[in-house]
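Good morning, colleagues. Please look at the model on the screen while I take you through its interface.

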Amino acid sequence: MTGGVQAGAAPAGGATPQPRPREPWRGPAARRLARRLITANETWTLLALAILVIYFTVRAPREFFTLSDFSLIAQNSAALLVMAVGQTYVILTAGIDLSVGSVLVLSGVVAAEYYTHNGGAAAGTGTVWLGAVIGLAVGFGWGAVQGFLVAKAKVPPLIATLAGFGAALGVSYLVTGGSDISSMPKKLTSTIGLASIAGVQWLIVISFLVAIVFGLILAYTRFGRYTYAIGSNPEAARRVGINVDRHLIKVYALSGLMAGAAGIMSLAFFGNTTIAGHATDNLTVITAVVLGGASLFGGRGTMLGTVIGLFIPAALQTGLVIIHVNQYWQYVAIGAVLVAAVYLDQFRRRLRERA
Amino acid sequence: MTGSPHDGARLAEAGRAPSGARDEVATTGEPLLRLRGIGKHFGPVQALAGIDLDVPAGQVTALVGDNGAGKSTLIKTISGIWEPSEGQIIWQGRHVHFRTPKDATDAGIATVYQDLALCDNLDIVQNMLLGHEIRRHLLLDEVTMEKTAKRTLHDLRVTTVRNIRQTVGSLSGGQRQAVAVAKAVMLDARLVIMDEPTAALGVSQTALVLDLITRLASRGIAVIVVSHNLNDVFKVADRIAVLYLGRLVEVGPAPEYDTASVVDLMTTGMSQRSRTANGLAPTPDSGQEG
């Protein structure tokens, strides 16, 4: 910290000709809101998303910005969004969870095993629910173990969850013998997987509900506040009596739970366990959180940012397909966007610090 | 230091009450915190021995000493990080045993360490109420929390912060120190211990923090300031306690000392007075050879 720049000099500061108000932090609400909007990361991320959408809409007016395209993007991203919700919490604590894709697969596999042994495609509603709960529990438990390794055993999050990533996939292959399970209950695939409510697919509804609920928890509850505090300065959190270890375990368990939920959603959507299809989910999800303005050093980021951040690569991908760019360029483009976003963020931060 | 330290010591000696009187001064004020025979050893290493110290409310007690004199050990013992190996801590007239920092905090002893322990990404309100958030049905009550924080800052006349919702990371060193102190005060601390509060600060920032320390004391809060900077010590301290190699060699009202006599005590553990107390003749030239 280079102290002594503005404070102390403040009384003689000279920049404000009028006498200093007694409570200088109280300003007109509108100006305060405007300043908050300008300084908020989400504004800029949303602007980037808007520019992408406008660009592709102008390039391909008929195809890009149609409702069906948007819902297609949202549907494909539903499981990723749910995992990104958990990942946001983890990254806010200055951690990382690389295991999400594999935990999704494992939770799906265990639930699918349960379905296979309990009626398969003809399984009843109770079975479908119970299988879903089992899947969630597997994710939660796996996440809690990883959280324990991070918080208590002091294994760095990168290593603990990388090990979890490999192990969860390995266990999935062991359980299934290497081949996907594909006889899912009709009651699952035809409802959550396909059906809509008021014209919106269930998957989209669920993913956004999850994002909203956990976004509110993050912003307006003590659990959320502690998550920021621990990512910002764990020692400070510890000194005021916050049980940092227990909170970290909860956060990793939450990420696991979210991966479990994504596993069930994925089962419903694809109708099979898609074991080999989630190797890079973790990177997609982390990209979304970082694009959304979260800092990998912890303590900074929001759920709204994550949601916007998830749809930037998704919009980019869909858009590039629609304007007939070679699909392999998509990966290059997403990489470039990621670096640009983080660079701009740093640049803006440096400007603000200098001001 | 220029000049002979002894001159200063003698000058101070000249205007001083008879030996022994100062102890009475200390005890008549019903001290908030009393340490009796506090000792602390880590294995064979004796870090503190036989510390008797009274800390009265509404006064600033400066704890000075050279590196390794035991200042940190002593404040960590008071703030519950380490339990003393022997001796008693009497807090508000009661014998207490602080096993954890939380015990001490709950009792009303707040310690502001040099690293301040603030969350840079959280704003001033969030930092001040961290771990003690006010809630209304499970949700954080930001309005009430903001009011509470504002009131405390206002009481302490911390007016240099422009926006109570700005992140602590964007504050200057003095402001950060002020937030850390306000956080301690907010938890109804009766005793605030500050470890090297001005060590990393420039001139104007130091003035701000010293001002804050004086204001704390005027609100009836006891303050212990650990500092290397004797200029700052003499600006704010009501009493000075000098540690030397784990022992408390002197305690007394600040006006009885000057920089030279305190430096003498810090570096040699001796002064004219302690020589007298030991029955040695107070010869003007007895100097450092003791």
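Across the interface of chain A and chain B there are two salt bridges, each defined as a side-chain nitrogen of Lys or Arg within 4 Å of a carboxyl oxygen of Asp or Glu. In one of the salt bridges, the side chain of A:R239 meets that of B:D115, at 3.0 Å from N to O.

On the side of chain A that touches chain B, the elements giving two or more residues are α1 (29–39), α8 (202–220), α9 (222–232) and α10 (234–239); these helices are DSSP runs of H or I, at least four residues long, numbered from the N terminus. The largest share, six residues, comes from α9(A).

This is a predicted model, in which local features need pLDDT of at least 70 and side-chain atom pairs count only at pLDDT 80 or more, while totals for chains, interfaces and linings use all residues. Residues are numbered from 1 along each chain as its sequence is written, chains are lettered from A in the order in which they are written, and side-chain values use heavy atoms, without hydrogens and water.

Taken as a whole, the contact (heavy atoms within 4.5 Å) involves 33 residues of chain A and 42 residues of chain B.

Finally, confidence. For the complex, the predictor gives an ipTM of 0.80 and a pTM of 0.82. Chain B has a mean pLDDT of 82, pLDDT being the predictor's confidence in each residue, from 0 to 100. Over residues 1–28 of chain B, pLDDT stays under 50, and residues 279–290 of chain B likewise stay under 50. Where pLDDT is low, the predicted coordinates should not be read in detail.
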